[in-house]
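Subject: Structure for your review

Dear colleague,

Please find below the structure that I am handing over to you.

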Amino acid sequence: AISACEKDSKWEKALDILDVMALNKFEATTITCNAAISACEKAGEWETGLQLFKMMLQSEVECETVTCNAAISACEKGRKWEKAWQLLSVMETRKLKSDMFTFSATISACEKCCKWEEALQLVSLMAQVEVESCTLISNSVISACENCSEWAKALQLFGLMAQCTLEFDQ
């Protein structure tokens, strides 16, 4: 039921279902919480999604990479790059493996907030944790540079993409 709410961006309904589950002594699971956080993210309710994420951290419900990615995506939609970055630290502390989606959403949050230097740091971090870059991530970093009038940096990154044989968007 919560997954249906997620697909339809019915975040309030998703939270209502979690409340009903708790009242009836049904424990929330990683899957139900992930779906509720994603419903919040899709509806632009980043604060609510983060509150639910924090509740998960304090409870016995296991957080996974998908959980953190949903919370980071909520931060990205809310243009909260610092919070997205903090969630990367949470992942590291909890020994969760970050992936392309983790970095894509965090870099996109940086891009939306004109934080091109932070976006570049994330690309370096990706290499350190052995997450392979993709065209989408490279384009987000270039866009972050462009949005901040760092056109020389954007051109440099564009040249690096050619050297790395990443595909260009048409």
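The notes below cover a helix pair, the nonpolar core and several individual residues. Please bear in mind that this is a predicted model.

Helices α4 and α6

Helix α4 spans residues 46-58 and helix α6 spans residues 81-93; their axes come within 13 Å and cross at roughly 15°. Angles under 35 degrees count as roughly parallel, and α4 and α6 are therefore roughly parallel to each other. The crossing of α4 past α6 is left-handed. On the α4 side, the contact is made by Trp46, Leu50, Phe53 and Leu57, and on the α6 side by Lys83, Leu87 and Val90. Six residues of this contact are nonpolar, one is charged and none is polar.

The nonpolar core

The largest nonpolar core holds 39 residues, and the members that touch the most others are Ile2, Phe53, Ile72 and Leu87. Phe53 and Leu87 also take part in the contact between α4 and α6. Two or more residues of the core come from each of α2 (11-23), α3 (30-42), α4, α5 (65-77), α6, α7 (100-112) and α8 (116-128). As general background, nonpolar side chains in soluble globular proteins tend to be buried together. Ile2 touches Ala14, Ile17, Leu18, Met21, Thr32, Ala35 and Ala36, with residues up to four places away in sequence not counted.

Contacts across the sequence

Lys77 belongs to helix α5 and is partly exposed, at 43% relative accessibility. Its C-alpha atom is separated by 7.0 Å from that of Glu41, although Lys77 and Glu41 are 36 residues apart along the chain.

Ser98 is found in the loop between α6 and α7. With a relative accessible area of 12%, Ser98 is buried. When neighbours within four places in sequence are left aside, Ser98 is in contact with Met91, Phe103, Val129 and Val131. The C-alpha atoms of Ser98 and Val131 are separated by 7.7 Å, and these residues are 33 places apart along the chain.

Backbone angles in two loops

Lys25, in the loop between α2 and α3, has phi near 65°. Lys25 is exposed, with a relative accessible area of 74%. Cys114, in the loop between α7 and α8, has phi near 60°. Cys114 is partly exposed, at 36% relative accessibility.

Yours sincerely

Methods. Residues numbered from 1 in each chain as written. Predicted model: local features only at pLDDT ≥ 70, side-chain atom pairs only at ≥ 80, totals over all residues. Heavy atoms only, no water. Axes fitted to C-alpha atoms, helices over the stretch in contact; angles between N-to-C directions. Helix = DSSP H or I, 4+ residues; strand = E, 2+ residues; numbered from the N terminus. Parallel < 35°, antiparallel > 145°, perpendicular 65-115°, else oblique. Left-handed = near helix turned anticlockwise from the far one by under 90°. Contact = heavy atoms within 4.5 Å. Nonpolar A, V, L, I, M, F, W, Y, C, P; charged D, E, K, R; others polar. Core = buried A, V, L, I, M, F, W, Y, C linked by side-chain atoms within 4.5 Å. Buried < 20%, exposed > 50% of the residue type's maximum accessible area, 1.4 Å probe, protein only.
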